[in-house]
Amino acid sequence: MAAKSFELKSPSGEVSVTVDIGEQIRYSVYGGGKPLLTDSSLALCLREGTLGEKPHLTGHKASPVNRTFRPVVAFKFEEIRDRCNMLRLDFRGGWAVEFRAYDDGMAYRFVTALGHDIEVLSEKVAIRFPNDYTAVVQQPGGFKTAYEEPYSLIETNGWKPGDPMSVLPVLIDTRQGYKLLLSESALSDYPCMFLEGDGANGMKGTFPKVPLAYEESGDRSMRILQEADYIARTKGTRAFPWRYFVIAKDDGQLIENTMTARLAEQQAIADTSWIEPGQVSWEFWNAASPYGPDVDFVAGFNTATYKYYIDFAAEYGIPYIIMDEGWARSTRDPYTPNPAVDVHELIRYGREKGVG
């Protein structure tokens, strides 16, 4: 089949994506006409075959997206605008790939209509760079991570196979006026992605497999004893997670970006009136051990200490305290209270002080 090429531009034309369909599906991304990603590729490997290997294009459709929505919790903005141009490519076999070009980034995802449950063996996320970039990464020792590793700076052409992988997001400085932030959105019934170096100035996605047997290894941790040969068993008719790239000219744009929310699944909760977000005074931050001339009690996980946090919150206009840990006798049993903590008295005291 003759190769086919498509070009997708963002509403302002700042970002453009070219998609080439031949033996594989390949794409390149440009910012202000500069190549930022080149010859990257994608595929979805199912038990029954690989979507993206010698694909047969059956149709395509370009359409704009222009909507606004109000997130229940306004982390950054009370109202978010989702404005981009989208290209949907349909292929023989009941599947498609959707690309989106935003003025501040691009995204793509697989969509399938297979009518039966499927096993996903792996997903090919191959990202190639035209030049040596600097990446800011968090590299755990494996898939088991609290996302609390220190950040490291690495050169993309020196990130070799076998080197520690990175959690998402990954920040990349192209050193040509743009920064890229790689991440994902709309994960449902699917594992999160990690990235590792490919040894050829690029990155590739890697995914944890489905655990089949495991045992307890602490009061809040499990040890996997046996895993499947697939990363997901899921419905065959569905949309898969978005892979996205924020494209920013300065760091402030990274802070303001709302790509995760724009690409997230539609809100499923009909009545959100009960959700009242707010800041908290958090005892875990210093292990429930306040100190100073006003601490005239034995600090710890006890009623007096939590009242101290309530007083602090009331004085500084903080609407909540959070009881993180220590209110139960054991972390393994939330139904048996810590006898040193009177939760009912704390609720009463909090109401008196106007603190939740």
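The following legends describe an overview and several close-up views of a predicted model.

**Figure 1. Overview of the chain and its secondary structure.** The chain contains 4 helices and 25 strands. Along the principal axes, its C-alpha atoms occupy a box of roughly 80 × 45 × 45 Å. The chain has 356 residues, of which 42% are buried.

**Figure 2. The surface and the charged side chains.** The charged side chains comprise 38 positive and 49 negative ones. The centres of these two sets lie 7 Å apart.

Figure 3. Arg262 belongs to helix α2, which spans residues 259-263. The residue is buried, with a relative accessible area of 6%. The side chain of Arg262 makes a polar contact with the side chain of Asp104, at 2.8 Å. Leaving aside residues up to four places away in sequence, Arg262 also touches several others, including Arg67, Phe69, Ile80 and Tyr102. Further residues touched by Arg262 include Arg81, Asp82, Arg100 and Asn257.

Figure 4. Glu98 is part of strand β8, which covers residues 95-102. Glu98 is buried, with a relative accessible area of 6%. A polar contact of 3.1 Å links the side chain of Glu98 to the side chain of Arg88. When residues up to four places away in sequence are not counted, the residues that Glu98 touches include Met86, Leu87, Tyr108 and Trp242. Ala107, Arg109 and Val111 are also among the residues in contact with Glu98. Along the chain, Glu98 and Ala340 are 242 residues apart, and their C-alpha atoms are separated by 56 Å.

**Figure 5. Cysteine residues of the chain.** The count of disulfides in the chain is 0. For Cys192, the closest cysteine sulfur is that of Cys45, at 18 Å. A disulfide requires two cysteine sulfur atoms within 2.5 Å, and the sulfur of Cys192 is therefore too far from that of Cys45 for a bond. Cys192 is partly exposed, with a relative accessible area of 27%. Cys84, by contrast, is buried, with a relative accessible area of 1%.

Figure 6. The peptide bond from Leu168 to Pro169 is cis, and its omega angle is near 0°. Pro169 lies in the loop between strands β12 (151-155) and β13 (170-173).

**Figure 7. Tyr147, a residue with positive phi.** Tyr147 has a phi near 55°, a positive value in a residue other than glycine. Tyr147 is located in the loop between β11 (134-138) and β12. Its relative accessible area is 37%, and Tyr147 is thus classed as partly exposed.

**Figure 8. Ala287, a further residue with positive phi.** Although Ala287 is not a glycine, its phi is positive, at about 55°. The loop that holds Ala287 runs between strand β22 (280-282) and helix α3 (303-315). Ala287 is partly exposed, with a relative accessible area of 46%.

Definitions and conventions:
Residues numbered from 1 in each chain as written. Predicted model: local features only at pLDDT ≥ 70, side-chain atom pairs only at ≥ 80, totals over all residues. Heavy atoms only, no water. Helix = DSSP H or I, 4+ residues; strand = E, 2+ residues; numbered from the N terminus. Buried < 20%, exposed > 50% of the residue type's maximum accessible area, 1.4 Å probe, protein only. Lys, Arg positive; Asp, Glu negative; His and termini not counted. Charge placed at Lys NZ, Arg CZ, Asp CG, Glu CD. Polar contact = N/O pair within 3.5 Å; in protein donor to acceptor, adjacent residues only side chain to side chain. Contact = heavy atoms within 4.5 Å.
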